[in-house]
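Visitor: I am new to this one. Please show me how to read its features.

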Amino acid sequence: MFKKLSVGSELESYCGRCKMVLNHRVVAMVDDQPRRVRCLTCNSEHNHRVAKAKTTTKRSSSSSSSRRASSSSAAQSSAAARWSALVSTWNDETAKPYNMYETFKVEDRITHVSFGKGVVTEIPGPDKIITLFESGEKMLMQGKTRL
Ligand SMILES: [Zn+2]
């Protein structure tokens with residue numbers, strides 16, 4: 001039943017950077033337990049944390065739509081609804097590829113290598129944007145100075 005994990009296995013772990021439970025790849029094991037994992041979404045490496053939310057119970061093997069990280073489903077589905085409303089007016093020509101050296105404004109359409117299409121919904125600070133992606137809202141950096 002329980003799949004034995006090893007270095008290179010994928011598992012769900014809480015990513016402190018993405019602030020949600022996402023698929024990670026095991027990079028180090030201690031006593032048959034995953035110790036260090038790398039987030040497949042943001043590529044950051046951190047200690048494995050078991051998700052507090054009960055998301056890792058049953059997953060019907062038939063459905064391949066495991067993209068949705070099912071945390072608080074109500075908030076998630078309304079975010080998904082907002083996202084589909086926003087991208088219904090999507091235009092590739094006005095979408096900007098995201099990178100942290102750019103600055104964005106509310107309503108900007110951006111494309112992100114991991115999260116896909118998104119719309120900037122809030123600018124909480126001069127170096128931060130909140131963007132609504134299909135998988136939910138994410139805080140991203142902006143206006144960084146190239147070193
Ligand atoms: Zn992450």
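Visitor: Which residues does Val-119 touch, not counting residues up to four places away in sequence?

Guide: Contact means that two C-beta atoms, placed from the backbone, lie within 7 Å. Here Val-119 touches Leu-86, Glu-107, Arg-109, Thr-131 and Leu-132. This is a predicted model: local features need pLDDT of at least 70, side-chain atom pairs count only at pLDDT 80 or more, and totals for chains, interfaces and linings use all residues. Residues are numbered from 1 along each chain as its sequence is written.

Visitor: Which residues make up the largest nonpolar core?

Guide: A nonpolar core is a set of buried Ala, Val, Leu, Ile, Met, Phe, Trp, Tyr and Cys residues joined through C-beta atoms within 7 Å. Buried means 20 or more other C-beta atoms within 10 Å of a residue's own. The largest core has 10 residues, among them Trp-83, Tyr-98, Val-119, Leu-132 and Leu-140. Strand 8 gives the largest share, 3 residues. A second, separate core of 6 residues includes Tyr-14 and Cys-15.

Visitor: How many bridges join strand 8 to strand 9?

Guide: Strands are DSSP runs (E, at least two residues), numbered from the N terminus. Two strands pair if DSSP finds at least two bridges between them. Strand 8 (residues 128-133) and strand 9 (residues 136-141) run antiparallel, joined by 6 bridges. Leu-132 has Glu-137 as its bridge partner in strand 9. A hairpin links these two strands through 2 residues.

Visitor: In what order do the 4 strands of the open sheet stand?

Guide: The order is 1-2-3-4, with antiparallel pairing. Strand 1 (10-15) and strand 4 (45-47) each have a single partner strand, so one side of each lacks a neighbour in the sheet.

Conventions:
A residue is buried if 20 or more other C-beta atoms lie within 10 Å of its own, exposed if 12 or fewer, and partly exposed in between; C-beta atoms are placed from the backbone.
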